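Here is a short walk through one structure. Keep the sequence beside you as you read.

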Amino acid sequence: MRSRSRSALAALACALVAAPAAAQTPSAGPSLDSLVVRLANMSAVTGLEDAMALELAAALPGAVTDAAGNVVVSRGSGDPTRVALCPMDEVGYVVGAITPEGYLTLRRVGAAAMGPLYDQFLEGQRVTVFGSRGPLPGVVGVRSVHLTRGRPTAADEPFNLDNAYVDVGATSAAGVEALGVGLLAPVTRAKRAHRYGTDLVAALDVSARASCAALLEATLRLPASGARGTAVAAFTRRRNLRWDGASFVVIARAHGAAATDIVLLGETATADSLGAGAVVTARDSLPAAQGFQAATAWSLPTRYARTPVETVSLRDVAALADRLQAFLGGHGQ
Amino acid sequence: MRHGGTGAQRHGAPLVAALLAMCVAPRAGHAQQPPIGVAEARDIVSRLVETYGVSGHEGPVREAVIKLLPAWANPTIDSAGNILVRAGAGDPLTVYVAHLDEIGFVVAAIRENGQLELRPAGGFFPSLFEAEPALVHTAAGIVPAVFMPRDSVGRSPARNPGALRADPGTASRAATEALGIRVGDALTMPKSYAGLAGTRATARSFDDRVGATAQLLALRHLDPRRLRHAVLFVWSTREEVGLDGARFVAEHVGTSEHPARVYAIDTFVSADAPLEIKTFADAPLGGGAVVRAVDNSSVTPPALVDSLLALARARHIPLVAGTTNGGNDGSTFTRFGVPDVGLGWPLRYAHSPAEVIDLRDLVSLADVIQLTAERW
């Protein structure tokens, strides 16, 4: 079984992993590193995580999709139940309107507070529009610096979403429609994970994606049986709308469990020093059927959080995978 | 904006008529060259925009351009790093200049903690590079890094992040230097070419790789035996930091060879974009090449603008005239009495990572260059 699981991971890595952005060799294992890059390069706007869910389900033997759309896999049976939850989604955008000139305007999706510069990181950058005929490249327009010269200086306020016009090369609304792009099509920054230093990887939301890669790796290492109790790994939807995917898993599978038996992944822990292997733990909670369910947050040390160069260490990701394997296998936190 | 259909009636009609009589009819005895097409333009410009060359660090672009020259060309490199290709013989000499360099950063200092202090090379909004991936172009090769986000944001941050730094993922100056990074190295964002709908495309550094490509396309398609006078094609260095490479050429050629005209082949920064004020510079993408008749560095004599528009119209080459902001390499020649004819193509989102062009405009620009070299 172990070899089958490893094969599944290797197959996912080989079949799906895009070419890494940079050339430096990290210290962690190649399959997990590739998986981190692969997941970081994917887009999964809150509430619109289907593509990510399909890929994760395909990589996890025995995985099911629950009523909330989460991808869940169980190993073992009986009590106690240990649950590890990792959110798939990211704060992104959908097409809010299409102008007569063929530009797309945007509506942000997700209630999480992302800071006053989050939308500014779109300005003048490449985006991906997920139309009905597949992903399309586009760019968010910006004024040409030359044409601002000699004119009154505007207030130095951050770029905001009301000025975000996505240019996909169309020249009319009908041209946009012909590309398979309509209202509500998901839009995210174009993703390309960036490796640097000896073992660092930078990408938007990489801390959560790397945590999910670690959970996937840990789950694939688990034996089908033999562990004490039940181990549940869940890749959840809609973190950025009150964590309601994760809440559904807890309500359905771990109601009343001890806080130490519910591990919540995907939050960031600000840290200057990366790569020491540490995983930050903290008491946390999730909305439950009534009130809140206590849980434990395991967060990767993260630099430049909530920016396009959010950075984690692949050594830390490997350590997280080991620790998750131990936890799910019944060897404690 | 003025279209080619109106200019000829307003200025220099006798000159236009004389030039057309001389120039429009093809000369007998030479086989027709195949037309310049969008596919060939795409192939060359995509290669050039995926090559890096911050001002003063143009080596990789210079090598790429030389490799793409036609077999008959005999390029020389002057001491300013410019590429020069001569064709034809006889007076008067005409000169074409497109620049090799792109905007970026230079390492100004390496801090004790390993981080890099940066100095901009060229004019742009620093906010477009904040918290983006970075590449350090060292003597030993490319080293990945990141442009750091500002240290603190607060509730009401300014758009401008101030001076940017880069983090190569080290914790000490020694570790940074061990990666091969030195003060003076260039930094850029990674970049790639991507096709958009139709004939539109996006990349960083279309300014001025489109101009460099247009000159290459014209050279590859013109027959040097058809030239009626000497032509000098220049791919210049350090345009974005002060027109330095072109100035070097002007000082050497301007006094000794007395060119009749210099054509600055560079971006027409267009207001054809959703956030721009359209009181001038509104050249539409896909509408063809643009005579950059007035900018911040030069004014093209109206008679030349009109005759050029008429010539293009007679050959059914899309060409319009307009005014935009910015300077151009040709302006370094005017103090030697050489008229500066700016030729460009409409560019959206100039000096950003998301520049957008229409490849048809590149083809049109290359056609105009070939036409003027052979017939004007």
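**A hairpin, its sheet and its surroundings**

In chain B, Gly198(B) takes a positive phi near 60° in the hairpin of β11(B) and β12(B), which has 4 residues between the strands. Helices (H or I, at least four residues) and strands (E, at least two) are DSSP runs, numbered from the N terminus. This is a predicted model, in which local features need pLDDT of at least 70 and side-chain atom pairs count only at pLDDT 80 or more, while totals for chains, interfaces and linings use all residues. Residues are numbered from 1 along each chain as its sequence is written, and chains are lettered from A and ligands numbered from 1 in the order in which they are written.

Strand β11(B) covers residues 194–195 and pairs with β12(B) in the antiparallel sense over 2 bridges. Two strands pair if DSSP finds at least two bridges between them. Ala194(B) stands opposite Thr202(B) in β12(B).

Now look to another partner of β12(B). Strand β20(B), residues 355–358, pairs with β12(B) over 4 bridges, in the antiparallel sense. Here Glu355(B) is the bridge partner of Ala203(B). Together, 3 strands form an open sheet in the order β11-β12-β20 (chain B), with antiparallel pairing. The edge strands are β11 and β20 of chain B, and each pairs on one side only. Helix α9(B), residues 359–375, packs on the sheet and touches β12 and β20 of chain B. The direction of α9(B) makes about 65° with that of β20(B); axes are lines fitted to C-alpha atoms, for helices over the stretch in contact, and angles run from 0 to 180 degrees between N-to-C directions.

Which way do the residues of β12(B) point? Arg200(B) and Thr202(B) point one way, Ala201(B) and Ala203(B) the other, and all are buried. A residue is buried if 20 or more other C-beta atoms, placed from the backbone, lie within 10 Å of its own.

Next comes the meeting of chains. In all, 44 residues of chain B are in contact with 47 residues of chain A (C-beta atoms, placed from the backbone, within 7 Å). Both β8 (141–147) and β12 (200–203) of chain B supply at least two residues each of the side that touches chain A. β8(B) gives the most to that side, with 3 residues.

Finally, step back. Chain B has 9 helices and 20 strands. Buried residues make up 57% of the 376 residues in chain B.

Methods
Two residues are in contact if their C-beta atoms, placed from the backbone, lie within 7 Å. A residue is buried if 20 or more other C-beta atoms lie within 10 Å of its own, exposed if 12 or fewer, and partly exposed in between; C-beta atoms are placed from the backbone.
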